[in-house]
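Take a look at the sequence and the 3D structure below. Keep both in view while you read this briefing.

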Amino acid sequence: MKVEGKRYALLLAARDSDYVKKVYGGYFNVFVAAFGEEGERWDLYRVVDGDFPDMNDLHNYDGFVVSGSPYDAYGNDYWILKLCFLLQTLDAMEKKVLGICFGHQVLCRALGGKVGKSYTGWDIGLRKVRIVKDLPPCSFLEDMKEIPPFLSIIECHQDEVWEVPLGAEVIAFSDKTSVEMFTLGDHIMGIQGHPEYTKDILCNLIDRLLNNDAIERGFAEAAKLTLQMAEPDRKCWEKICRTFLKGA
């Protein structure tokens, strides 16, 4: 499907790792490869470094994607608070906003939900999530009737959504995390996992977490094992994200 002239912004909440820079040219390229299509314009804002879109330009965008981050979505760093204000503004404008991992959590926080450390610790590797089917009508979900009831996704997080904002719907959960996805109206969606990640990006991230003593060796090896045993449903996740951002 070719979409002419649509314009999107990536709000990048993480700094590019050396690996991602070397192999992919940066996270921006990873996201555009996953969610972008021919004829679209994608702009990059490194919000983690204080680079934000001009408030007067927001109306020019068809949608926004908020990336993952090593920072806590419940933190009070200035850029995180500024990002929360931006997300509240985009919600009021009913602009499409897709939040990934940290982005999912900070969207939830900005719109009145609760986020914090996961009660069950890190989730790293491949996770099977259950898609909730019996929800109130939602135009985005009606376009996705062919989604299977379970989808595998790459995960890497130790924080989670505790409580979704008022009016939001939990549309996916797992045996590890009670809010794997949520929607609010037709314009807000959060995904706890990483639909944009490839296995090699996660393997490199696991190595970095291990080298930084953030995780133990046995846990790192077990996480890598999940990646060897199955594949993430990347094509299906990409379709979900594109359908949300652009319509069927």
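This is a predicted model: local features need pLDDT of at least 70, side-chain atom pairs count only at pLDDT 80 or more; totals for chains, interfaces and linings use all residues.

The largest nonpolar core holds 44 residues, and a second, separate core holds 34. Seven aromatic pairs are also present.

- Strand β1 (residues 7–11) runs parallel to β2, and five bridges join the two. Ala9 stands opposite Asp43 in β2.
- β1 also runs parallel to β3, with four bridges between them. Here Tyr8 stands opposite Gly63 in β3.
- β3 is joined in turn to strand β4 (residues 96–100) by four bridges, again running parallel. Val66 stands opposite Gly99 in β4.
- Strand β3 (residues 63–66) is covered on both faces. Gly63 and Val65 are buried on one side, and Phe64 and Val66 are buried on the other.

**The nonpolar cores**

- Which residues have the most contacts inside the largest core? They are Phe35, Val65, Leu98, Met181, Ile191, Leu202 and Trp237.
- α6 gives the most to this core, with six residues.
- Trp237 is in contact with Val129, Ile131, Leu151, Ser152, Ile153, Met181, Ile191 and Pro195, leaving aside neighbours within four places in sequence.
- The second core includes Leu58, Cys108, Ala110 and Leu111.

**Helix α6**

- The buried residues here are Ile201, Leu202, Asn204, Leu205, Ile206, Leu209 and Leu210.
- An α-helix has 3.6 residues a turn, so residues three or four places apart point the same way.
- The cover over the buried residues of α6 includes α1 (18–24), α2 (27–35), β6, β7 and α7 (217–229).
- At 1.5 Å a residue, the 13 residues of α6 should span 18 Å. The end C-alpha atoms of α6 are 18 Å apart, which agrees.
- Asp213 follows α6 and has a positive phi, near 60°.

**Helix α8**

- Helix α8 covers residues 234–246. Its buried residues are Trp237, Glu238, Ile240, Cys241, Thr243, Phe244, Leu245 and Lys246.
- The 13 residues of α8 should span 18 Å at 1.5 Å a residue. The distance between the end C-alpha atoms is 18 Å, in agreement.
- Gly247 follows α8, and its phi is positive, near 90°.

**Aromatic pairs**

- Tyr119 and Trp162 form a stacked pair. Their rings are 5.2 Å apart centre to centre, with 10° between the planes.
- Why does this pair tie together parts that are 43 residues apart in sequence? Tyr119 lies in the loop between β5 (114–117) and β6, whereas Trp162 lies in strand β8 (residues 159–163).
- Tyr119 has 67% relative accessibility, so Tyr119 counts as exposed; the cut-off for exposed is over 50%.
- Trp162 is partly exposed, with a relative accessible area of 40%.
- Tyr45, Tyr61 and Phe64 are linked into a cluster by ring pairs.

**Two single residues**

- Arg41 is found in strand β2. Its relative accessibility is 45%, so Arg41 counts as partly exposed.
- Arg41 is in contact with Lys6, Arg7 and Tyr8, leaving aside neighbours within four places in sequence.
- Arg41 and Tyr61 are 20 residues apart along the chain, and their C-alpha atoms are separated by 9.4 Å.
- Thr177 has its place in the loop between β9 (169–173) and β10 (181–184). Is Thr177 buried or exposed? At 1% relative accessibility, Thr177 counts as buried, since the cut-off is under 20%.
- Thr177 touches Asp123, His157 and Glu160, not counting residues up to four places away in sequence.

Note on methods. Residues are numbered from 1 along each chain as its sequence is written. Side-chain values use heavy atoms; hydrogens and water are left out. Two strands pair if DSSP finds at least two bridges between them. A nonpolar core is a set of buried Ala, Val, Leu, Ile, Met, Phe, Trp, Tyr and Cys residues joined through side-chain atoms within 4.5 Å. Buried means under 20% relative accessible area, exposed over 50%, partly exposed in between (1.4 Å probe, protein chains only). Contact means heavy atoms within 4.5 Å. The expected span of a helix is 1.5 Å times one less than its number of residues. Rings of Phe, Tyr and Trp (its six-membered ring) pair if their centres lie within 6.5 Å; planes under 30 degrees apart count as stacked, over 60 as edge-to-face and the rest as tilted.
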